[in-house]
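Work through the exercises below with the sequence and the model open. Each task is followed by a solution in steps.

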Amino acid sequence: MANRTRACVNVRLPILVGGLFFVAACASPPVSETTGVGARAEIRGCGDSDVTGQATLRERPSEEGVKLVDISIEVRGLSDGKHAVHVHETGQCEPCSAAGGHHDPGPFGKSTPDAPDYNHPFHGGDLVNIEVVDGYGMLETTSSRIALSSGRLSVFDEDGSAIIIHTNPDAYCDQEDELTPGCAGGSRDACGVIVLEN
Ligand SMILES: [Cu+2]
């Protein structure tokens, strides 16, 4: 379990140079505990070049040792209202359908949207809606379902991952109970391949 407590230690070193001095030293925490792993995605419209945006992702350990990923997304040019946002399973955006289904490394691995047995809204990559007002949307959210560092939840598997913003809001419907095509947001408005930043 990671210990995020900042280690600030007063080190008193008696130095005899015409007197007694006390030196206070504050030890810096390890870089990995303060900055974590970072990633970003340049978001572009799937068919509308006026749609632009960016996503930043940063992983940090929780006090309990769980990997948390803080996600910040800004987008311009989409229609006003709520839009579904997910991490999709393939790091491809050309065309946006190449991003595949929702990131869901397992154990179920049922990533295909709109199928009777798929795992929505419990995929690893399922996030929350972004709301666009006057053409501008911003989302700040945190997920423990994905990771940026290596491991089973990592978005950096062998074919990478992408962020998709859909045309419609995610209704978070459970497809296991009732098949509702399009309830995860329908068609794809924007996409960004997630790339490692540090
Ligand atoms: Cu999606």
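Strands here are DSSP runs of E with at least two residues, numbered from the N terminus. The model is a predicted one.

**Exercise 1. Identify the donors of the copper ion and locate them in the chain.**

Step 1. The copper ion is coordinated at 2.0 Å by ND1 of His86, NE2 of His88 and NE2 of His166.
Step 2. The spacing of these donor residues in sequence is H-x1-H-x77-H.
Step 3. His88 lies in strand 7 (residues 85–88) and His166 in strand 10 (residues 162–166); the pair is 78 residues apart and links distant parts of the chain.
Step 4. With a relative accessible area of 0%, His88 is buried. His166 has 3% relative accessibility and therefore also counts as buried.

**Exercise 2. Give the strand order of the open sheet and name its edge strands.**

Step 1. The open sheet has 9 strands in the order 6-8-9-5-4-3-11-10-7, and the pairing is antiparallel.
Step 2. Strand 6 (81–83) and strand 7 are the edge strands, each pairing on one side only.
Step 3. From one strand to the next, the twist averages 20°.
Step 4. Strand 10 and strand 11 (residues 188–196) run antiparallel and are joined by 5 bridges. Ile165 stands opposite Ala190 in strand 11.

**Exercise 3. Describe the largest nonpolar core and the elements that contribute to it.**

Step 1. This core has 24 residues; those touching the most other members are Leu57, Ile73, Val75, Val85, Ile163, Ile165 and Ile194.
Step 2. Elements giving two or more residues include strand 3 (38–45), strand 4 (52–61), strand 7 and strand 10.
Step 3. Strand 5 gives the most, with 4 residues.
Step 4. Take Val85 as a case: beyond its neighbours within four places in sequence, its contacts include Ile73, Leu127, Val128, Ile130, Leu139, Ile163 and Ile165.
Step 5. Another core, of 6 residues, lies apart from the largest one; among its members are Cys93, Cys96, Ala99 and Ala162.

Methods: Residues are numbered from 1 along each chain as its sequence is written. This is a predicted model: local features need pLDDT of at least 70, side-chain atom pairs count only at pLDDT 80 or more; totals for chains, interfaces and linings use all residues. Side-chain values use heavy atoms; hydrogens and water are left out. Donors are N, O and S atoms within 2.8 Å of the metal (3.2 Å for Na, K and Ca); water is not among the atoms, so sites may look incomplete. Buried means under 20% relative accessible area, exposed over 50%, partly exposed in between (1.4 Å probe, protein chains only). Two strands pair if DSSP finds at least two bridges between them. Axes are lines fitted to C-alpha atoms, for helices over the stretch in contact, and angles run from 0 to 180 degrees between N-to-C directions. A nonpolar core is a set of buried Ala, Val, Leu, Ile, Met, Phe, Trp, Tyr and Cys residues joined through side-chain atoms within 4.5 Å. Contact means heavy atoms within 4.5 Å.
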